[in-house]
Amino acid sequence: MSITVNGETETHRGTIADLLATRLADPCPRGVAVAVGGVVVPRADWPRRRLVEGDVVEVVTAVQGG
């Protein structure tokens with residue numbers, strides 16, 4: 001199944017938590033927000049929110065600095 005993550009097409013099956021575990025080695029990392037189709041998905045929903053063909057996912061990580 002093909003989805004777009006942060007502007008890049010990739011193959012992924014599963015939930016948002018599965019995607020984060022693969023990309024960040026943590027299914028529920030701190031300082032991260034996820035939007036699917038431009039809608040922010042609450043952290044509590046990550047383990048249940050299945051990604052489907054064509055989803056456009058944005059994973060944003062908070063960064064400290066000035």
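**Close-up 1. N6 sits in the loop between β1 and β2.** This is a predicted model, in which local features need pLDDT of at least 70 and side-chain atom pairs count only at pLDDT 80 or more, while totals for chains, interfaces and linings use all residues. Residues are numbered from 1 along each chain as its sequence is written, and side-chain values use heavy atoms, with hydrogens and water left out. Helices (H or I, at least four residues) and strands (E, at least two) are DSSP runs, numbered from the N terminus. The phi of N6 is near 50°, a positive value in a residue that is not glycine. Most residues other than glycine have a negative phi. With 35% relative accessibility, N6 counts as partly exposed; buried means under 20% relative accessible area, exposed over 50%, and partly exposed in between (1.4 Å probe, protein chains only).

**Close-up 2. Strands β1 and β2 form a hairpin with two residues between them.** Strand β1 covers residues 2–5 and strand β2 covers residues 8–11. The two run antiparallel and are joined by four bridges; strands count as paired if DSSP finds at least two bridges between them. To find one such link, look for T4, whose bridge partner in β2 is T9.

**Close-up 3. Five strands make an open sheet with mixed pairing.** Moving across the sheet, the order is β2-β1-β5-β3-β4. The edges belong to β2 and β4 (39–40), each with a single partner strand, so one side of each has no neighbour in the sheet. Further in, β1 pairs with strand β5 (residues 56–61) in the parallel sense, over two bridges. Here V5 stands opposite V57 in β5.

**Close-up 4. Helix α1 (residues 16–24) packs on the sheet.** The helix touches β1, β2, β3 (32–36) and β5, where contact means heavy atoms within 4.5 Å. The direction of α1 makes about 130° with that of β3. Axes here are lines fitted to C-alpha atoms, for helices over the stretch in contact, and angles run from 0 to 180 degrees between N-to-C directions. A25 has a positive phi of about 60° although it is not a glycine, and with a relative accessible area of 69% it is exposed.

**Close-up 5. The largest nonpolar core has 14 residues.** A nonpolar core is a set of buried Ala, Val, Leu, Ile, Met, Phe, Trp, Tyr and Cys residues joined through side-chain atoms within 4.5 Å. The residues with the most contacts inside this core are I16, V34, V36, W46, L51, V57 and V59. Two or more residues come from each of β1, α1, β3 and β5. Helix α1 gives the most, with four residues.

**Close-up 6. R23 and E10 form a salt bridge.** A salt bridge is a side-chain nitrogen of Lys or Arg within 4 Å of a carboxyl oxygen of Asp or Glu, and by this rule the count comes to three. In this pair the closest N and O atoms are 3.2 Å apart. R23 lies in helix α1 and E10 in strand β2, so the pair ties together parts that are 13 residues apart in sequence. R23 is partly exposed at 37% relative accessibility, and E10 is partly exposed at 22%.

**Close-up 7. R48 meets D45 in a salt bridge, and R49 forms one with D55.** The N to O distance between R48 and D45 is 2.6 Å. R48 is exposed at 58% relative accessibility, whereas D45 is partly exposed, with a relative accessible area of 28%. For R49 and D55, the closest N and O atoms are 3.3 Å apart. R49 is partly exposed at 26% relative accessibility, but D55 is buried, with a relative accessible area of 11%.
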